[in-house]
Amino acid sequence: MNSQEALSVGAVAHRSGFATSALRYYEAQGLIEADRTGGGQRRYQRSVLRRLAFIRAASNVGLSLEEIRDELQRLPEGRTPNKADWQRITRHWRGRLDERIAALERLRDGLDSCIGCGCLSLQRCGISNSGDWAASTKTAPGAAFLPRLLREQHPET
């Protein structure tokens, strides 16, 4: 395969792990670009694979699509981003990753103490909601006892 040859939507989906519908959505959102053939088929430059890897990593860190778009707009136009470009736009991720790791550790440790002790006592369980008392306390919607970062909804990737 020629390294300059444009990739079809199916090839990009296969190589990136994203569904073709996600590729079309990201294109509509301005996160990636595609050229069109005379027959209207999408063709992507190979550099789109790096952008998609960035989108995957950024969404796993917890960035919203708006934040991802803002970060991608900082990349240089007309050339493939280099190591310095990626380091510059991902510098602030460390703090977000540390927060997410801490939230996951709190969840893990809470499960260890509840399930790990062997008693399986719902009276002492830190995530039990006996009598649905959380409904009357106006806590966050959804899994209110999970750490905040683990309750957030993230775009599907």
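Start by selecting helix H3, residues 48-61. Its buried residues are Val48, Leu49, Leu52, Phe54, Ile55, Ala58, Ser59 and Val61; buried means under 20% relative accessible area, exposed over 50%, and partly exposed in between, with a 1.4 Å probe and protein chains only. Helices here are DSSP runs of H or I with at least four residues, strands are runs of E with at least two, and both are numbered from the N terminus. Before going on, note that this is a predicted model, in which local features need pLDDT of at least 70 and side-chain atom pairs count only at pLDDT 80 or more, while totals for chains, interfaces and linings use all residues. Residues are numbered from 1 along each chain as its sequence is written, and side-chain values use heavy atoms, with hydrogens and water left out.

Step just past the end of H3 and you reach Gly62, with a positive phi of about 115°.

**The core**

Next, show the side chains of Tyr26, Leu52, Ile55 and Ile68. These have the most contacts inside the largest nonpolar core, a group of 26 residues. A nonpolar core is a set of buried Ala, Val, Leu, Ile, Met, Phe, Trp, Tyr and Cys residues joined through side-chain atoms within 4.5 Å. Which helix gives the largest share? H3 does, with seven residues. As background, nonpolar side chains tend to be buried together in soluble globular proteins.

Now centre on Ile68. Skipping neighbours within four places in sequence, Ile68 is in contact (heavy atoms within 4.5 Å) with Leu31, Phe54, Ile55, Ala58, Ser59 and Leu63.

**The sheet**

Switch to the strands. They form an open sheet of three, in the order E1-E3-E2, with antiparallel pairing. E1 (7-8) and E2 (35-36) are at the edges with a single partner strand each, so one side of each has no neighbour in the sheet. Select E3 (residues 42-44) together with E2: this antiparallel pair is held over two bridges, and two strands count as paired if DSSP finds at least two bridges between them. Arg36 stands opposite Arg42 in E3.

**Salt bridges**

Stay on Arg36 and bring up Glu27. The two form a salt bridge, with the closest N and O atoms 3.6 Å apart; the rule asks for a side-chain nitrogen of Lys or Arg within 4 Å of a carboxyl oxygen of Asp or Glu. Glu27 counts as buried at 17% relative accessibility, whereas Arg36 is partly exposed at 43%. By this rule the count comes to five salt bridges.

Jump to H5 for another one. Asp85 and Arg88 form a salt bridge with closest N and O atoms 3.3 Å apart, and being three residues apart in the helix they are separated by about one helical turn. Asp85 is buried at 4% relative accessibility, while Arg88 is partly exposed at 39%. Salt bridges that share partners also join Glu27, Arg36 and Arg42 into one network.

From Arg88, look across to Glu71. They are 17 residues apart in sequence and 9.8 Å apart in space, C-alpha to C-alpha. Is Glu71 buried or exposed? Glu71 is buried, with a relative accessible area of 6%, and it forms a salt bridge with Arg74 whose closest N and O atoms are 3.4 Å apart.

**One more residue, then zoom out**

Select Thr20, in helix H2. Thr20 is partly exposed at 29% relative accessibility. Not counting residues up to four places away in sequence, Thr20 touches Val9 and Ala13. Val9 is 11 residues from Thr20 in sequence and 6.4 Å away in space, C-alpha to C-alpha.

Finally, show the whole chain. The protein has eight helices and three strands, in the pattern β-α-α-β-β-α-α-α-α-α-α along the sequence. Of its 157 residues, 27% count as buried. Among contacts between residues at least 6 apart in sequence, 55% join residues at least 24 apart.
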